[in-house]
Amino acid sequence: MDEAQQPYLPAPRDRAAGAGCVFPSLPLGRKNCRLICVDYAVMASLACSLSAPCSSSLRSSFQGESLIVDNAGSLCQVQLQGKGALVIEAKESRIGKAPIPVPKGVTVNLDGQNLSVKGALGELVRTYPREVKLTNSGEVLLVERAVESRRARQMHGLFRTLTDNMVIGVSKGFEKRLQLIGVGYRAAVEKDELALNLGFSHQVRMKIPEAITVKVEENTRVIVSGKDKCAVGDFSAAVRKWRPPEPYKGKGIKYSDEVIRRKEGKVGKKK
């Protein structure tokens, strides 16, 4: 049995009867989960906690009816069935179901679970898990769930975002800007290495991956760009890790759009 379809029994603290009862352990975040209520009094307090109208004639008011509930900004459908059986079905991922537009100049080749995207900046290839499937209609790409399981729901939105990053990467590319703040802090590109002077007793030298391009402006501004968003982000984070900005004077390596929360230093006593 799929984990999402397994019965969920309320904890003892959730079995309180009466209007206005709140179910703290109700798994509303889970999709397609099934809740077996102990009795109709519990169902009444559950309906109150879901902002549904309470009624004394529970058997006629709730059995077989469908409610629409706003759960933390995500609409879900609540279906009451049989003797106290409640099925909560959430809508499909809003990120996962969004189509991915393919701009002009980008070629998409789909071979089973293998996707290759080629554009002006190069080519990216990715293999997809069997829980998701891709549909190529020429102008748009669709990422859908191949099966209904917990892992498929986890992979749906993730691989839709990764696919969108591939299309953007080969057409426009990604860029991260770093800024060095500190006396004597300098950066320079020497062949295929990034040389950093960061106040250590030695110079820091980092190998530049082939998938990205690094430029230095005014000795203190480092621009990392490339078609692979993951590679750009990983290299930028590795550079910043050598000297994270400190909160007192702001010295270190920071992203150009990063805001550093400053702290007040020690203040001497007033005489």
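1. Ser236, contacts. Beyond residues up to four places away in sequence, Ser236 touches Lys176, Leu178, Val224 and Tyr255. The residue belongs to helix α4. Its relative accessibility is 0%, so Ser236 counts as buried. The model is a predicted one, and these values should be read that way.

2. Overall content. The chain holds four helices and 18 strands. It has 271 residues, of which 37% count as buried. Take the contacts in the chain with a separation of 6 or more: 48% of them join residues 24 or more positions apart.

3. Helix α4, dimensions and cap. The helix covers residues 229-242, 14 residues in total. From first C-alpha to last it reaches 21 Å, close to the 20 Å expected at 1.5 Å a residue. Asp228 caps the N-terminal end of α4. One of its side-chain oxygens lies 3.1 Å from the backbone nitrogen of Cys230.

4. Ala231, Val232, Phe235, Ser236 and Val239 are buried in α4. Seen down the helix axis, the buried residues of α4 fall within an arc of 125°, so they line one face. An α-helix has 3.6 residues a turn, so residues three or four places apart point the same way. Asp234 and Lys241 are exposed, and they sit on the face of α4 turned away from its buried side.

5. What covers the buried residues of α4? The cover includes strands β12, β14 (193-197), β15 (204-207), β16 (212-217), β17 (221-226) and β18. Two of the contacts of Ser236 noted above, Lys176 and Leu178, fall within the span of β12, residues 174-181.

6. Arg240. This residue is also found in α4. Is Arg240 buried or partly exposed? Its relative accessibility is 22%, so Arg240 counts as partly exposed. Leaving aside neighbours within four places in sequence, Arg240 is in contact with Pro245, Ile253, Tyr255 and Glu258. Arg240 and Ile253 stand 13 residues apart in sequence, and their C-alpha atoms are 5.2 Å apart.

7. Strand β18. The strand runs over residues 252-255, and all of them are buried. Gly252 and Lys254 point one way, Ile253 and Tyr255 the other. Note the buried lysine: Lys254 counts among these residues. β18 is antiparallel to β12, and four bridges join the two strands. Gly252 is the bridge partner of Ile181. Tyr255 is in contact with Ser236 and with Arg240.

8. Val222. The residue lies in strand β17. At 0% relative accessibility, Val222 counts as buried. Apart from neighbours within four places in sequence, its contacts are Lys176, Arg177, Leu178, Leu180, Ala187, Leu194, Val214, Lys215 and Val216. Ala187 is 35 residues away along the chain, with 7.4 Å between the C-alpha atoms. Lys176 and Leu178 touch Ser236 and are in contact with Val222 as well.

9. The three-stranded sheet. In what order do the strands of the open sheet run? The order is β6-β11-β10, with antiparallel pairing. The edge strands are β6 (100-101) and β10 (132-136), and each pairs on one side only. Strands of a sheet pair through backbone hydrogen bonds, either parallel or antiparallel.

10. Five bridges join β10 to β11 (residues 140-145). Thr135 stands opposite Leu142, and Leu134 has Val143 as its bridge partner. β6 and β11 pair over two bridges. Here Pro101 is partnered with Val140. In the hairpin of β10 and β11, three residues lie between the strands, and Gly138 takes a positive phi near 100°.

11. Faces of β11. The side chains alternate along this strand. Leu141, Val143 and Arg145 point to one face and are buried.

12. Which strands does α3 lie across? The helix, residues 150-171, lies across β6, β10 and β11. It runs at about 165° to β11.

Key: Residues are numbered from 1 along each chain as its sequence is written. This is a predicted model: local features need pLDDT of at least 70, side-chain atom pairs count only at pLDDT 80 or more; totals for chains, interfaces and linings use all residues. Side-chain values use heavy atoms; hydrogens and water are left out. Buried means under 20% relative accessible area, exposed over 50%, partly exposed in between (1.4 Å probe, protein chains only). Two strands pair if DSSP finds at least two bridges between them. The expected span of a helix is 1.5 Å times one less than its number of residues. The arc is that of the directions from the helix axis to the C-beta atoms. Contact means heavy atoms within 4.5 Å. A polar contact is a pair of N or O atoms within 3.5 Å; within protein, one must be able to donate a hydrogen and the other to accept it, and residues adjacent in sequence count only if both atoms are side-chain atoms. Axes are lines fitted to C-alpha atoms, for helices over the stretch in contact, and angles run from 0 to 180 degrees between N-to-C directions.
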